[in-house]
Amino acid sequence: MISQLQKARSAYQPKVPAAIEGATKLAEGKATQSVADQEDIKKLFPNTYGMPIVTFEKATGETKTEAFNVGIILSGGQAPGGHNVISGIFDGIKKLNKDSKLYGFLGGPSGLVDHKYIELTSEIVDEYRNTGGFDIIGSGRTKLEEVEQFDKGLEICKKLNIKAIIIIGGDDSNTNACVLAEYYLAKNTGVQVIGCPKTIDGDLKNEMIETSFGFDTATKVYSEVIGNIERDANSAKKYWHFIKLMGRSASHVTLECALQTQPNVTLIGEEVEAKNQSLDDVVTYIAEAVAARAAKGLNFGTVLVPEGLIEFIPAIKKLIAELNDMLAANQAEFDTVAADKKIDYVVSKLSKENAELFKSLPTTVSTQLALERDPHGNVQVSLIETEQLLAEMVAKKLAAWKKEGKFVGKFATQHHFFGYEGRCAAPSNFDADYCYSLGRVAALLIASGKTGYMSSVRNTTKPAAEWLAGGIPITAMMNMEKRNGKMKPVIQKALVKLDGGPFKFFASKRAEWAIETAFVYPGPIQYFGPTEVCDQPTKTLVLEH
């Protein structure tokens, strides 16, 4: 059974840049270099470094090629629009030659290594057009780093006569795509690798990648629910709602949701770091807003908290960096320590300053900092209930202020974490169009013989017909960062710019939003109706351009 919305959405025909609707020709721009650590990146990627940015332009006649087969991988966390990237690739390669075939590797990058795949036919692809999720072939977080993995992948590419692999993923996944492209080119295998920019966190972007797909839909889903909570708060008038939002390494999601819903307090991790704020500074800032509203008889409000806030607090960031290095260097010994002695072991290995800070944190936080790690060796900040931690600390501060006569109101809290709710939503019109276009462009990059490129669609605040289609070398986005105690090449994360349009607009309004009840209730994503309602890009994109 499918829902009535799904039935209606299946008929939606995504809009694409006018330049790729008919025949196309490729225009090459200037040679590129990495955003930082040029010599190191060049040494690691001698074959794919320095390639030019490319753009597709309208041509006369018809663009046709010999039939070619493509393999696709969905990598990392889900993001709305992934199915449209796949349908765009499918339509793109079939447009170039109806005999071309598309294979989907199952369960993420491990599908390539373990040779688990299906051929994606029109019957399968048509069922998933304009739908959310990654369930067409599934996703996974296996990292492609070992030569053995590359060679296993090559075996199946040769067997299926696959000309190119497209990796749809975030910064880590596209870094893997670049490593794979370099290896296959160095070995002269004839297999191309193309990346597509996916992450709801919004931190995979630069001049050529204006936004990662899924960000538009996810922030609209979260903003709808935040608006509902704001309306509830304004109706019941008795709770402060602390809402944590996805975004481990950057606060783009939180900032966009703030711009859409105008909550009373919004914490931006990048600002906390730039101002060198402590946890107590953050708590005091929230408590002051609560007290100011209480003085006006308003004992309710909303607080938005980015998932990665803890990592932005400079003192805790230093502690996490030392923890990461210490655990990477002593992992074998740490694994042998009894469970009830692990915290003591960690404290014994830390510097005096960091050991003191570690011991001062609530037990739940210190335990998660020490014990929980993701596949990249990083702290799993999403497991730290920052929204609850802040609410408890604000309550303590307000209780102390009450005794001093500095707080006259009541303070009761509710806690929420919005993450998974937005990752597989049916894509907004923007994401449906953008993702489909990224897929179509990826097919053209393959037909043009490109490898080590990321599909790029720009000028996205304009109508889709005016979007610019092309590709950017993945090496151009890279720098060196410490991972698991070693320096590695990775795509540079785009953080919230404190001198950028979106943050400056937010900063100019937040004092007013803190005191007043200036809530905005965006409601659900609009799929049908006037263009000014249905086809709006995020406020972040508009303010950036």
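1. Contacts across the chain. In the protein, 78% of the contacts with a separation of 6 or more are between residues 24 or more positions apart. Please keep in mind that this is a predicted model.

2. The protein has 23 helices and 15 strands. Its radius of gyration is 24 Å, close to the 24 Å that the globule rule gives for 545 residues, so the protein is as compact as a globular protein of that length. The C-alpha trace spans about 80 × 60 × 45 Å along the principal axes.

3. Burial and surface. Of the 545 residues, 56% count as buried. The accessible surface of the protein comes to about 22400 Å². Carbon and sulfur atoms hold 50% of that surface.

4. Charge. There are 62 positive and 66 negative side chains in the protein. The centres of the two sets lie 1 Å apart.

5. Gly-71. Look for this residue in strand E3, residues 69–74. Its relative accessibility is 0%; buried means under 20%, so Gly-71 counts as buried. What does Gly-71 contact, leaving aside its neighbours within four places in sequence? The partners are Tyr-103, Phe-105, Ile-162, Ala-164, Ile-165 and Ile-166. Lys-163 is 92 residues from Gly-71 in sequence, and the two C-alpha atoms are 8.1 Å apart in space.

6. Ser-139. This residue sits in the loop between helix H5 (122–128) and helix H6 (147–159). Which backbone oxygens does the side chain of Ser-139 reach? One belongs to Leu-74, at 3.1 Å. Another belongs to Gly-76, at 2.6 Å.

7. Glu-311. Helix H12, residues 309–312, holds Glu-311. Is Glu-311 buried or exposed? The relative accessible area of Glu-311 is 18%, and the cut-off for buried is under 20%, so Glu-311 counts as buried. The side chain of Glu-311 makes a polar contact of 2.8 Å with the side chain of Arg-248.

Note on methods: Residues are numbered from 1 along each chain as its sequence is written. This is a predicted model: local features need pLDDT of at least 70, side-chain atom pairs count only at pLDDT 80 or more; totals for chains, interfaces and linings use all residues. Side-chain values use heavy atoms; hydrogens and water are left out. Helices (H or I, at least four residues) and strands (E, at least two) are DSSP runs, numbered from the N terminus. A polar contact is a pair of N or O atoms within 3.5 Å; within protein, one must be able to donate a hydrogen and the other to accept it, and residues adjacent in sequence count only if both atoms are side-chain atoms. The radius of gyration is taken over C-alpha atoms; the globule rule is 2.2 Å times the number of residues to the power 0.38. Buried means under 20% relative accessible area, exposed over 50%, partly exposed in between (1.4 Å probe, protein chains only). Contact means heavy atoms within 4.5 Å. Accessible areas come from the Shrake-Rupley method with a 1.4 Å probe; for residues, only the protein chains shown count as cover. Lys and Arg count as positive and Asp and Glu as negative; His and the chain ends are not counted. The place of a charge is taken as NZ of Lys, CZ of Arg, CG of Asp or CD of Glu.
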